Amino acid sequence: MSKRITSLIALMGVAASMTFTPVYAESPVKLGTLECAVNDVDKTLMNTHIVLKCDYVDANGNNEGTYQGTIDRTGLDIGNIETTTFAWIVSTVGEEKNVKLDGTYVGAQAGASVGAGAGANWLTGGFNGKISLQPWSVEGKSGFGIGLGGQKLVLTGM
């Protein structure tokens, strides 16, 4: 059963990324990683609000800033899943220098957990709409349940 759920989540995630993936003439450039710890969660069946504290580390391993973030998710969220961490690959198709991650990002999310679990998150926006937090984030989960829906992340530099 858990293999079926995992396969279904993976398939839905791939479909979501293909649906939302923007077409750019330029190839994306990896800028670094954004790692976030969950500080607070307010959850109902169809809506989840998550408060994050994030650190951005560039591709050379330098800490380039700390951000406060909020994720608002709308969609199916069944079960008792506790998300504790997020980590995204940060890339851009724009100018690499002086990139700030402040801004609003939108995209899709899917996740499942039976004991330990994982989630997939795809987001784009920020810096003139040219930053992607993708293609899949690592989302540490525990508990039992399934989630699927849209989400909005707002990052603010600290």
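Hi everyone, let's start with Cys54, which counts as buried at 0% relative accessibility; buried means under 20% relative accessible area, exposed means over 50%, and partly exposed is in between, with a 1.4 Å probe and protein chains only. Before I go on, this is a predicted model, where local features need pLDDT of at least 70, side-chain atom pairs count only at pLDDT 80 or more, and totals for chains, interfaces and linings use all residues. Residues are numbered from 1 along each chain as its sequence is written, and side-chain values use heavy atoms, with hydrogens and water left out.

Back to our cysteine. Which residue does Cys54 pair with? A disulfide joins Cys54 to Cys36, S to S 2.1 Å, where a disulfide is a pair of cysteine sulfur atoms within 2.5 Å. The structure holds 1 disulfide. The pair links distant parts of the chain, 18 residues apart, with Cys36 in strand S1 (residues 29-43) and Cys54 in strand S2 (residues 47-58). Strands (E, at least two residues) are DSSP runs, numbered from the N terminus. Cys36 is also buried, at 5% relative accessibility.

Staying in strand S2, we come to Asp58. Asp58 is buried yet has no salt bridge, and the nearest side chain of opposite charge, Lys30, is 9.8 Å away. By salt bridge I mean a side-chain nitrogen of Lys or Arg within 4 Å of a carboxyl oxygen of Asp or Glu; for charge, Lys and Arg count as positive and Asp and Glu as negative, with His and the chain ends not counted. What does the side chain of Asp58 reach? The backbone nitrogen of Asn60, at 2.9 Å.

Next, Gly61 sits in the loop between S2 and S3. Gly61 is exposed, with a relative accessible area of 53%.

Over in strand S4 (residues 103-125) we find Thr124, which is buried at 16% relative accessible area. A polar atom of the Thr124 side chain lies 3.2 Å from the backbone oxygen of Ile131.

Last stop, Leu76, in strand S3 (residues 63-92). Leu76 is partly exposed, with a relative accessible area of 35%. Thanks, all!

Note on methods: Helices (H or I, at least four residues) and strands (E, at least two) are DSSP runs, numbered from the N terminus. A polar contact is a pair of N or O atoms within 3.5 Å; within protein, one must be able to donate a hydrogen and the other to accept it, and residues adjacent in sequence count only if both atoms are side-chain atoms.
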